[in-house]
Amino acid sequence: VALIPLAAVVFKSFENGTEGFWNAVTSPEAVAALKLTLIASLIVVIVNAFFGTLIAWVLVRDEFPGKNVVNSLIDLPFALPTIVAGLTLLALYGPDSPVGINVAYTRVAVILALLFVTLPFVVRAVQPVLLELDREMEQAAESLGAGRATVFRRIILPNLTPAIIAGGGLAFARAVGEFGSLVLLAGNLPFKTQAASFFIFSQVESDNLVAAAAVSVVLLVAALALLLIFGWLSKRALRHEE
């Protein structure tokens, strides 16, 4: 069932032939929007892979006051309407920022918004693996003289790698199509902060459905390709672990 609307988008993107498709996705505005979206999404995956793993580690291995509250807050980006997330980020990082940081309508704002909405993917992917990890292997390695850094690098990280990759893949797929959280904080400035989702929306408003469908197909292919690569890396990491 899901393939029917996807097939319709692909068909629409080639309504003017391959030349029309190519002209749509290589226009300066489309290239700028795709470039910003894909680069920002890759940056977000790298940052979330590190901080998401770190947060998951703290939530599983450490005890501190308010831990349950923090654990619940991780899912907040899932529960909030994306436009509310954008308003929250604008209040925090906009012109009236209480922390003195104003990055509204910049490319940094794009990355911050994407980080906010995608962080839970890595945290929730890594947490259950940490919970099920056999602590006896770590204790045995430490009893043999291995330091904490060595234990983490040789025992813990190989077990976490498939989950980190899987979470990163989901975060990338969400980031390339994000719209709501970018509306207020990043704006829609062509060649500056216009993400691919905004470009598609603007083309639909201009009744240029072919261009909108063409860029949508590029995003679809990019997300699918990255998910396949991440899936292959995850399976390879699992085989290495075994």
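Biologist: Why is Phe-14 called partly exposed?
Modeller: Phe-14 has a relative accessible area of 36%. Buried means under 20%, exposed means over 50%, and partly exposed is in between, worked out with a 1.4 Å probe on protein chains only. The 36% of Phe-14 falls between those limits, so partly exposed it is.
Modeller: Before we go on, this is a predicted model: local features need pLDDT of at least 70, side-chain atom pairs count only at pLDDT 80 or more, and totals for chains, interfaces and linings use all residues. Residues are numbered from 1 along each chain as its sequence is written, and side-chain values use heavy atoms, with hydrogens and water left out.

Biologist: Okay. Is Phe-21 buried or exposed, and how do you know?
Modeller: Phe-21 comes out at 13% relative accessibility. That's under the 20% limit, so Phe-21 counts as buried.

Biologist: How many aromatic pairs does a search of the whole structure find?
Modeller: The search turns up 5. One of them joins Phe-14 and Phe-21, with ring centres 4.5 Å apart and planes at 10°.

Biologist: And what makes the pair of Phe-14 and Phe-21 stacked?
Modeller: Rings of Phe, Tyr and Trp (its six-membered ring) pair if their centres lie within 6.5 Å; planes under 30 degrees apart count as stacked, over 60 as edge-to-face and the rest as tilted. The centres of Phe-14 and Phe-21 are 4.5 Å apart, so they pass as a pair, and 10° between the planes makes it stacked.

Biologist: What do you call the pair of Phe-179 and Phe-198, and why?
Modeller: That one is tilted, because the planes are at 35°, with the ring centres 4.7 Å apart. The pair links distant parts of the chain, with the two residues 19 apart. Phe-179 sits in the loop between helix 9 (148-176) and helix 10 (180-185), while Phe-198 is in helix 11. A helix here is a DSSP run of H or I with at least four residues, a strand is a run of E with at least two, and both are numbered from the N terminus.

Biologist: How do Phe-179 and Phe-198 compare with the accessibility limits?
Modeller: Phe-179 is partly exposed at 30%, whereas Phe-198 is buried at 4%. Ring pairs also bring in Phe-201, linking Phe-179, Phe-198 and Phe-201 into a cluster.

Biologist: Why do you say helix 11 is largely enclosed by the rest of the structure?
Modeller: Because 7 of its 10 residues are buried. They are Ala-196, Ser-197, Phe-198, Phe-199, Ile-200, Ser-202 and Gln-203.

Biologist: What makes Ser-197 buried?
Modeller: Its relative accessibility is 10%, so Ser-197 passes the test. Ser-197 lies in helix 11, which covers residues 196-205. Leaving aside neighbours within four places in sequence, Ser-197 is in contact with Gly-177, Glu-178 and Phe-179. Contact just means heavy atoms within 4.5 Å.

Biologist: Which residues does Leu-36 touch?
Modeller: Not counting residues up to four places away in sequence, Leu-36 touches Arg-107, Val-110, Lys-192, Thr-193, Gln-194 and Ala-195. Leu-36 lies in helix 3 (residues 28-61), and at 12% relative accessibility Leu-36 counts as buried.

Biologist: How do you know that the charged end of Arg-61 sits over the ring of Trp-57?
Modeller: A charge sits over a ring if NZ of Lys or CZ of Arg is within 6 Å of the ring centre and within 35 degrees of the ring normal. The charged end of Arg-61 sits over the Trp-57 ring, 4.6 Å from its centre.

Biologist: What about phi of Phe-191 and Asp-207?
Modeller: Phi of Phe-191 is near 70°, a positive value in a residue other than glycine. Phe-191 is in the loop between helix 10 and helix 11 and is partly exposed at 49%. For Asp-207, phi is near 65°, again positive in a residue other than glycine. Asp-207 is in the loop between helix 11 and helix 12 (209-241), and at 64% relative accessibility Asp-207 counts as exposed.

Biologist: How many helices and strands does the protein chain have?
Modeller: There are 12 helices and 0 strands. Of the 242 residues in the chain, 39% are buried. Along its principal axes, the C-alpha trace spans about 70 × 45 × 30 Å.
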